[in-house]
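Me: Please take a close look at one part of this model for me, the place where the ligands sit. I would like one connected description that I can follow with the structure open.

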Amino acid sequence: MTCSVLVGGGWGDEGKGKCITYLCYNDKPDIVARAGVGPNAGHSVEFNGEKYGLRLTPSGFMNMDARLLIGAGVLVDPEVFHHELEYLNKYNLKNRTYADHRCSIIEPQHKERDKSSDYLSKKIGSTGTGCGPANADRVMRVAKMAGDIPQMEGYTTDVPLEVNEALDNDKDVFIEGSQGFGLSLYYGTYPFVTSKDTTASTAAADVGVGPTRIEEVIVVVKSYITRVGEGPFKTELNQDEAEKMGLEEYGTVTGRRRRVGLFDMDMAKEACMINSATQIALTCVDRLFPQCERTRDYSSLSPEIKNFINEIEGETGVPVTIISTGPDLMDTIDLREELL
Ligand code: GTP
Ligand code: IMP
Ligand code: MG
């Protein structure tokens, strides 16, 4: 059995969706379990020329044999949940996607409270998806749970039971986090953070697995950094500089322009330490070094790229095992064999 957790090492949008797609397509885990905050996330998944934006459904959905579970720690917006079941209908989601019956529910009032609060929507720059107010209600113990509402009938299960039984039976489980280290309520740039811790330990707790069962912790870092919303950003570039480098990005959920900056080694080191990373996935290498676009062969990388990778490994003490050279799941250099 292998139980892996994947989390973001930046301020979200590191390309977790892409890495999860590759790993789940390749390794075929029996369960893909979604952890993290909730539908404030926007994961992009690209394969076979198709592109999907997901907010709640586990990004490993294209692995048709996997059960797709949403952990109790994750907030569920029933509208988003059902929209994605329809949207991804051809992947047979309706027969294999379940949320834990203890997931807290995002109601329309939570979205209204998120958007109408100047503090959340303007000062913090929240996504307006109701996550902050819904987590506040959960802490106040007034939130509804998935098992209590007709909209989720037929789509709830006991996620920890399923996950732990699968591990007992030597099956593989992949836990996908959302957001990123810099947005952690505990370790991020408070108060410019999301409404929950976003590290690997919390991702495991979200789906009901204890620390002793986790074997691999994959931290995803981008070759440069992006941030949406407000808050400090030590290595930020101004828009002109970012454009000159060809780095312009827009958010999957909000459509907001992402702030762009240079790779931050201190942040990568801290993210690896607090997540107890065993592997690093480095994404968007092709955006910084266009000559490597779509390559799948490590030996073809230029000395400059190899130096960059070596420096990350040297500073963090963690091997870079996945190198992403394009948005499609196939645009990946997989060095995991070399660890064995
Ligand atoms: P959150 O859960 O919202 O934090 O998102 P995420 O980590 O899944 O990332 P998101 O999909 O929001 O943003 C990453 C963007 O980069 C998407 O448009 C991806 O398609 C794209 N992407 C991912 N990896 C690569 C890569 O290696 N190269 C290029 N060119 N694009 C990539
Ligand atoms: P909230 O999680 O909607 O309350 O937003 C709080 C902060 O986290 C804002 O700066 C958001 O832009 C940021 N944020 C939340 N989720 C994501 C994500 O998935 N990717 C990038 N930023 C996010
Ligand atoms: Mg995103």
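Reply: Start at ligand 1, where one of the oxygen atoms lies 3.1 Å from a polar backbone atom of E14. The model is predicted, and the distances here are computed from it. On its own, ligand 1 has 660 Å² of accessible area, and the protein covers 91% of it. Three elements, α1, β3 and α10 (285–288), each give two or more residues to the shell around ligand 1.

That shell holds 23 residues, and the closest are D13, K16, G42, S44 and S324. Sorted by class, there are three nonpolar, twelve polar and eight charged residues around ligand 1.

The magnesium ion, ligand 3, is coordinated by the OD of D13 and the O of G42, at 2.0 to 2.2 Å. D13 belongs to the loop between β1 (3–8) and α1 (16–27), while G42 belongs to the loop between β2 (31–34) and β3 (43–47), so the pair ties together parts that are 29 residues apart in sequence. G42 has a relative accessibility of 17%, and because buried means under 20%, this residue counts as buried.

One of the paired residues is H43, whose bridge partner in β4 is L54. The hairpin of β3 and β4 has two residues between the strands, and N48 takes a positive phi there, near 50 degrees.

Now go back to D13, which also contacts ligand 2. A polar side-chain atom of D13 is 3.2 Å from a nitrogen atom of ligand 2. Two further side chains reach oxygen atoms of this ligand. For T194, an N or O atom of the side chain is 2.7 Å from an oxygen atom of ligand 2. For R256, the distance from a polar side-chain atom to an oxygen atom of ligand 2 is 3.0 Å. Ligand 2 taken alone exposes 470 Å², of which the protein buries 96%.

Around ligand 2 there are 16 residues, the closest being N40, T127, T194, V228 and R256. This shell is made up of six nonpolar, eight polar and two charged residues.

To finish, look at the strand β10, residues 224–227. Y224 and T226 point one way from β10, I225 and R227 point the other way, and all are buried. β10 pairs with β11 (residues 259–262) in the antiparallel sense, over four bridges. Within this pairing, Y224 has L262 of β11 as its bridge partner.

How values were computed: Residues numbered from 1 in each chain as written. Chains lettered and ligands numbered in written order. Predicted model: local features only at pLDDT ≥ 70, side-chain atom pairs only at ≥ 80, totals over all residues. Heavy atoms only, no water. Donors = N, O, S within 2.8 Å, 3.2 Å for Na, K, Ca; no water. Buried < 20%, exposed > 50% of the residue type's maximum accessible area, 1.4 Å probe, protein only. Pairing = 2+ DSSP bridges. Near = heavy atom within 4 Å. Polar contact = N/O pair within 3.5 Å; in protein donor to acceptor, adjacent residues only side chain to side chain. Areas by Shrake-Rupley, 256 points an atom, 1.4 Å probe, with all protein chains shown as cover. Nonpolar A, V, L, I, M, F, W, Y, C, P; charged D, E, K, R; others polar.
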